[in-house]
Structure formats: structure tokens, C-alpha cells
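Work through the following exercises with the sequence and the model side by side. Each task is followed by a solution that goes step by step.

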Amino acid sequence: AGNPLPLRYRFEPGATDDGVTLVIPEPLLNAADPGRLAWLIPGWRVEKITAVLRALPKDLRKQFVPVPNHAQQAARELDEQSDFFEALARWIARAAGKPLNRDDMAALALPDHLRINLRVTDLSGAVLSEGRELGSVKRTTRNVITATEAAAPPSVHRSWDFGALLEQVTVERAGLKYTMYPALEDRGMGVVLREAKTLAQAEVLTRAGILRLLLLALPEQQKFARKSFADNRELVLLGQLLPTSQPLPEALALRTFQDVFLPDTAPLPRSRDQFEALVARGRPSLGEAIDKLVAHTLAIATELRAVRQGLSGSAIPPSTRADVEAQLEGLLPAGYPQSIPASLWPHLPRYMKALSRRLQNLAGNLKRDQELATKLRSFFDAWQRLRQDKTRPRPDPELERLQFMTEEFRVSLFAQDLRTSVPVSEKRLQEQLQLAIAAGR
């Protein structure tokens with residue numbers, strides 16, 4: 001991030017910090033790139049490439065004898081602007097004539113001193129975490145900071161009484177220069193000011209924070225919305241199928257405020273005047289938004305009921321049942337409707353209808369159903385694995401896009417007459433999968 005950082009060296013095999021240690025102040029941790037860190041230091045590059053070549057499977061390794069000579073050649077020819085393991089995988093694949101996966105390369109066992117040690121400090125120099133695996137170091141650092149904040153909680157605001165909220169600020173502290181992103185974080189009874197690591201993270205936090213301020217500013221309107229949903233008997237009955245983490249009328253009232261005041265494409269208010277103008281502008285639209293949300297939720301729940309009825313049949317193969325349940329958990333995760341990604345939200349009734357159509361067509365078509373499911377399985381499984389990776393950035397637009405395209409591909413396979421909203425194919429899905437994988441590194 002444009003800052004020179006110190007390297008420390010220790011020669012003590014077996015010690016946790018044997019080799020080279022990069023000291024990273026916590027505000028810069030998010031800028032650490034594992035693909036760049038893997039290059040280590042120039043003086044040890046040939047030794048590291050040598051170790052990688054020797055760790056290859058035997059059928060590949062024997063093509064690079066003598067290993068030291070090939071390591072020196074690779075060191076001269078590798079593109080140093082690329083991810084280390086990606087560049088080396090391309091070089092080996094080109095030399096050996098066999099495709100090689102970057103992640104398989106990164107998983108090869110290497111001596112600790114050939115993997116850079118990371119030491120994260122606060123701005124006073126106190127060590128927060130240390131280790132050679134970036135994801136683990138980030139998690140530990142996050143846990144330490146969370147515990148520190150819990151011991152000294154920040155001020156809670158119940159109204160916009162904290163001045164302007166800038167989109168980003170360049171900060172100079174303790175000799176470092178970096179960009180931080182002011183954000184509002186929802187704490188239930190109000191919001192707190194905090195510093196986010198990325199602009200995307202700040203936007204997600206701030207949307208939830210502003211939504212909380214809106215609810216506090218319009219208590220009567222929130223009460224009206226809750227009552228409107230609670231009085232709809234059909235909605236309450238069908239809504240029991242939906243995985244809400246709070247009473248459905250409460251959850252839908254929250255979603256109504258989100259749809260009216262903070263749709264995904266709307267810019268966020270950055271000052272008290274802008275916030276008050278937002279309140280005045282959106283207030284008259286609440287009634288219409290409630291009606292739309294009732295219709296949308298009823299459409300989702302009605303189709304979901306049809307799916308549940310289809311699953312109740314005894315002729316459903318276990319593999320199909322497991323596949324459908326996994327899809328439902330992905331489409332309707334706990335916390336409906338706030339938990340639904342924006343890209344999926346308008347399409348949920350169609351996805352549910354396509355799923356119901358699949359179950360209706362299952363009788364007499366088991367083989368065909370399994371063939372179609374096989375085309376999709378690798379992409380859905382990959383999405384699930386990436387989704388469970390706690391080290392990935394949040395929000396995760398490339399991963400959300402992968403889920404959206406996967407669901408559209410399902411429609412094209414099992415319910416073609418419902419049409420897809422975007423062109424989709426196995427090739428396009430594979431390209432999106434690679435974008436999602438790259439975004440998490």
C-alpha cells in the first residue's frame with residue numbers, strides 16, 4: 001500500500017520465526033497479497049523454486065533433473081508481477097507439457113524458512129498475531145481486535161449527531177500512510193462509528209447502520225408496517241415455511257424500509273441534511289412498498305410449498321433429495337429476507353418454480369435428471385466450498401455472481417420454458433468460478 005515495511009531475520013531452525021519475518025501494522029494487513037508474499041526475498045528465490053520442484057509428484061519431478069539448473073532457469077524467466085505459484089505453475093506446465101493447478105502448487109510442503117513469517121502489530125508496535133498462513137493471521141488479528149473493542153465499547157448514536165461521513169480518508173499515523181473508510185455499524189439500539197478496511201465493506205456496514213437510524217427516526221411507520229404484515233393471514237400462514245431469524249412481520253418491516261430508503265443502487269447519505277432529505281422523500285412510498293413485498297413473499301412461499309410437497313413423495317431418490325435441500329439452503333439461508341443476496345432476490349419465485357418443475361418431471365426421468373444434475377454439481381459444490389471460507393472478503397460480489405449464474409444454469413437445465421435472465425453456459429460458469437477463486441486470494 002505504498003509503505004516501506006521492515007523485514008527481520010532469524011537463523012534458528014525449529015523456531016516459530018525462523019527465516020524472514022515481515023512486520024505489518026494492522027491497518028495495512030488487508031493490503032497483504034498471498035501471491036506476492038509467496039515470492040519471499042530475491043536472495044532465496046532460487047532455493048524456494050528448487051524446493052518446489054523437488055516437492056512435485058515423481059512423474060513431474062523427473063522432468064526437471066538436475067533440479068538446481070532448472071530452478072535457476074525458472075527464476076530468470078518467471079513473471080515477477082504475477083502470483084508466485086500461478087507463474088511457476090504456468091512455467092512448469094509449459095516445460096513439462098502438462099496442465100498444472102496453482103492451488104495444488106501452493107499446497108506443496110515446503111520448509112518453514114521458505115515461507116515468509118507475518119507479524120502483525122498495532123500502531124504502538126504491540127504484536128497482535130503471527131504466523132505463516134495469511135488467512136489464519138487475519139482471523140487471529142480480527143479476533144484480538146474484536147476482544148479489544150468489546151473491552152472498551154465505542155459511543156452509540158441513536159440519531160445523525162456525528163457530522164459528515166466521508167467515503168474515504170487518507171490517514172498518517174505512526175509513520176504510515178494509508179486509506180481508511182469511515183463506516184456506521186448497526187448495534188441494535190443505535191450505531192457506532194468505525195473504520196472499515198475496504199470501500200465495499202464500509203458500504204455494507206453503513207447501509208445496515210443507516211437502516212437502523214431510519215427505523216429509529218420513523219418508529220410509527222415501522223409499527224404500521226409490522227401490523228400490515230401481521231394482519232395478512234395468508235402471509236403469516238405461508239410465511240411459516242420461510243427461515244426467518246425473527247418474527248416474519250418484523251423481518252418484512254425491516255425489508256420494506258430497505259427497499260424504500262436504501263435500494264442497492266441508491267447512493268448512501270453522507271450528512272445529516274442528506275439523511276433528513278432521504279427520510280422526507282421515502283416516507284410517502286411505504287404503503288406501496290408494503291403491498292409489493294406482500295406479493296413477492298407470497299409468490300416465494302407459494303412456490304416453496306409446492307417444492308416441499310414434491311419432496312414429500314417416497315419416490316424421490318436420496319441423492320436428488322439431498323441436492324434439492326442443499327439448493328434450498330443456498331437460496332433461502334437463515335435470516336430471510338435480509339440474508340438473500342440482492343442479485344437473487346427478484347428471481348426467487350422463478351427459481352422456486354423451476355425447482356418445483358424439476359420434481360414434477362422426475363417420475364420416469366430419473367436418469368435424465370441425474371445427467372443434468374451432474375452438469376451442475378461441480379459448480380455448486382465449488383460455490384459451497386468458497387462460501388464456507390471465513391477468510392474471504394465480505395462482501396463477496398464475485399461469489400454472489402457465481403451463485404446467481406449457477407441458479408440461472410439450473411433454470412436452463414430443468415425448466416427451460418421459464419427462461420434465464422442472462423445468457424449462461426458451462427463455459428461462462430467456469431469463467432465466473434475462476435473469478436470467484438481469484439477474488440478470495
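**Exercise 1.** Describe the lining of the largest cavity by class, then name its residues and elements.

*Solution.* By class, 5 nonpolar, 1 polar and 3 charged residues form this lining, where Ala, Val, Leu, Ile, Met, Phe, Trp, Tyr, Cys and Pro count as nonpolar, Asp, Glu, Lys and Arg as charged, and the others, Gly among them, as polar. The residues are Gln-327, Tyr-351, Ala-354, Leu-355, Arg-358, Glu-407, Arg-410, Val-411 and Phe-414. Two or more of the lining residues come from each of helix H15 (348-360) and helix H17 (397-414), helices being DSSP runs of H or I with at least four residues and strands runs of E with at least two, numbered from the N terminus. A cavity is a set of points on a 1 Å grid over the protein atoms alone where a 1.4 Å probe fits but cannot get out, and lining residues have an atom within 4 Å of a point.

The model is predicted, with pLDDT of at least 70 needed for local features and 80 or more for side-chain atom pairs, while totals for chains, interfaces and linings use all residues. Numbering runs from 1 along each chain as its sequence is written, and side-chain values use heavy atoms, without hydrogens and water.

**Exercise 2.** Is Asn-117 buried or exposed?

*Solution.* Asn-117 lies in strand E3 (residues 117-121). Its relative accessible area is 1%, so Asn-117 is buried (under 20% relative accessible area, with a 1.4 Å probe and protein chains only).

Notes: Buried means under 20% relative accessible area, exposed over 50%, partly exposed in between (1.4 Å probe, protein chains only). On a 1 Å grid over the protein atoms alone, a cavity is a set of points where a 1.4 Å probe fits but cannot get out, and a pocket is an open set with protein on both sides within 12 Å along at least five of seven lines; lining residues have an atom within 4 Å of a point.
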